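Okay, thanks for making time this morning.

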Amino acid sequence: MISDLFFQALNLSNPWKVVKVNFSREEKRLDIYLDFERGSKFSCPVCGKEGLKVYDSKKERVWRHLNFFQYE
């Protein structure tokens, strides 16, 4: 499945998941949508503390990764 390919290519781990992939050859753009299961807990990227809840997750954010082949 294409979602699994991008999950592995981006080196993601649970609870992250790829929920949608849009590709436009005309726009030379590849959009990959990520999400996680409600109630998932994460580790702090600064101190490493585990089991932290997420807040403010309803706002959609855009992150520009390096090109995937020649596509944005």
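I'll go from the hairpin to the rings and then to the core.

Keep in mind that this is a predicted model. So, the hairpin. Strand S1 covers residues 16–24 and strand S2 covers 29–36, and the two run antiparallel, joined by eight bridges. Four residues sit between the strands, and lysine 28 in this hairpin has a positive phi, near 50 degrees. Going over to tryptophan 16, you'll find that its bridge partner in S2 is phenylalanine 36.

Now, those two residues also meet through their rings. The count of aromatic pairs comes to three. Which kind of pair do tryptophan 16 and phenylalanine 36 make? The ring centres are 5.4 Å apart and the planes are at 90 degrees; planes over 60 degrees apart count as edge-to-face, so that's what we call this one.

Tryptophan 16 has another ring partner, phenylalanine 42. Here the pair is tilted, with 5.5 Å from centre to centre and 50 degrees between the planes. Phenylalanine 42 belongs to strand S3, residues 41–42, while tryptophan 16 is in S1, so this pair ties together parts of the chain 26 residues apart in sequence.

Phenylalanine 36 is at 16%, so it counts as buried. Phenylalanine 42, at 17%, is buried as well. Tryptophan 16 comes out at 32%, so we call it partly exposed.

While we're on rings, have a look at tyrosine 33. The charged end of lysine 20 sits over that ring, 4.4 Å from its centre.

Last stop, the core. In soluble globular proteins, nonpolar side chains tend to be buried together. In this model, the largest nonpolar core has five residues: Phe6, Leu12, Val18, Leu30 and Tyr71. What does phenylalanine 6 contact, once you leave aside its neighbours within four places in sequence? The list is Val18, Val21, Leu30, Ile32 and Phe68.

That's my tour, and I'm happy to take questions.

How values were computed. Residues are numbered from 1 along each chain as its sequence is written. This is a predicted model: local features need pLDDT of at least 70, side-chain atom pairs count only at pLDDT 80 or more; totals for chains, interfaces and linings use all residues. Side-chain values use heavy atoms; hydrogens and water are left out. Two strands pair if DSSP finds at least two bridges between them. A nonpolar core is a set of buried Ala, Val, Leu, Ile, Met, Phe, Trp, Tyr and Cys residues joined through side-chain atoms within 4.5 Å. Buried means under 20% relative accessible area, exposed over 50%, partly exposed in between (1.4 Å probe, protein chains only). Contact means heavy atoms within 4.5 Å. Rings of Phe, Tyr and Trp (its six-membered ring) pair if their centres lie within 6.5 Å; planes under 30 degrees apart count as stacked, over 60 as edge-to-face and the rest as tilted. A charge sits over a ring if NZ of Lys or CZ of Arg is within 6 Å of the ring centre and within 35 degrees of the ring normal.
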